[in-house]
Amino acid sequence: MSILYLVDDKHVPLYRVMWVAATPHFCGEPDCQREGYYEVRLEQEESVWANQRERDGMLTALDNWQGGMGAPDDDPDGDQASW
Ligand SMILES: [Zn+2]
């Protein structure tokens, strides 16, 4: 599968996503262009803004991507493992 996901006309690499907003943006500014959109925070203090469909798709893509990679098995308390 692709590690890019299209949000707001930008192909965002999944590994650059820091977090995805759970609730739509609301700041009360009368001329806010982002109201009702979900912030997708990227590295280096960049953000892209997803509509609900893009947000849901992004979360699914992130889930699938993590699952596909497999969690690294570093087991920090595994000090009794080598008999
Ligand atoms: Zn706003």
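Trainee: Which elements of the protein have the lowest and the highest mean pLDDT?
Mentor: This is a predicted model, where local features need pLDDT of at least 70, side-chain atom pairs count only at pLDDT 80 or more, and totals for chains, interfaces and linings use all residues. Residues are numbered from 1 along each chain as its sequence is written. pLDDT is the predictor's confidence in each residue, from 0 to 100. The lowest mean belongs to helix H1 (residues 52-69), at 86, and the highest, 98, to strand E4 (residues 38-42).

Trainee: What pLDDT does the protein average?
Mentor: Of the residues, 77% score at least 70. The average for the protein is 86.

Trainee: How many helices and strands are there, and in what pattern along the sequence?
Mentor: Helices (H or I, at least four residues) and strands (E, at least two) are DSSP runs, numbered from the N terminus. The protein has one helix and five strands. Along the sequence the pattern reads β-β-β-β-β-α.

Trainee: In what order do the three strands of the open sheet lie?
Mentor: Two strands pair if DSSP finds at least two bridges between them. The pairing here is antiparallel. Strand E3 (17-20) and strand E5 (47-50) are the edge strands, each pairing on one side only. The order is E3-E4-E5.

Trainee: What is the average twist from one strand to the next?
Mentor: Axes are lines fitted to C-alpha atoms, for helices over the stretch in contact, and angles run from 0 to 180 degrees between N-to-C directions. From one strand to the next, the twist averages 25 degrees.

Trainee: Which residue in E5 is the bridge partner of Val40?
Mentor: E4 and E5 run antiparallel and are joined by four bridges. Tyr38 stands opposite Ala50 in E5. For Val40, the bridge partner in E5 is Val48.

Trainee: Which residue in the turn of the E4 and E5 hairpin has a positive phi?
Mentor: Four residues lie between the two strands of this hairpin. The positive phi, about 60 degrees, belongs to Gln44.

Trainee: Which side chains along E5 point to one face and are buried?
Mentor: A residue is buried if 20 or more other C-beta atoms lie within 10 Å of its own, exposed if 12 or fewer, and partly exposed in between; C-beta atoms are placed from the backbone. Side chains alternate along E5.

Trainee: Why is Asp9 classed as exposed?
Mentor: Asp9 is in the loop between E1 and E2. Its phi is near 65 degrees, a positive value in a residue other than glycine. Asp9 counts as exposed because its number of other C-beta atoms within 10 Å is 6.

Trainee: What separates the C-alpha atoms of Asn51 and Glu39?
Mentor: Asn51 sits in the loop between E5 and H1. Asn51 is partly exposed, with 14 other C-beta atoms within 10 Å. Along the chain, Asn51 and Glu39 are 12 residues apart. Their C-alpha atoms are separated by 8.9 Å.
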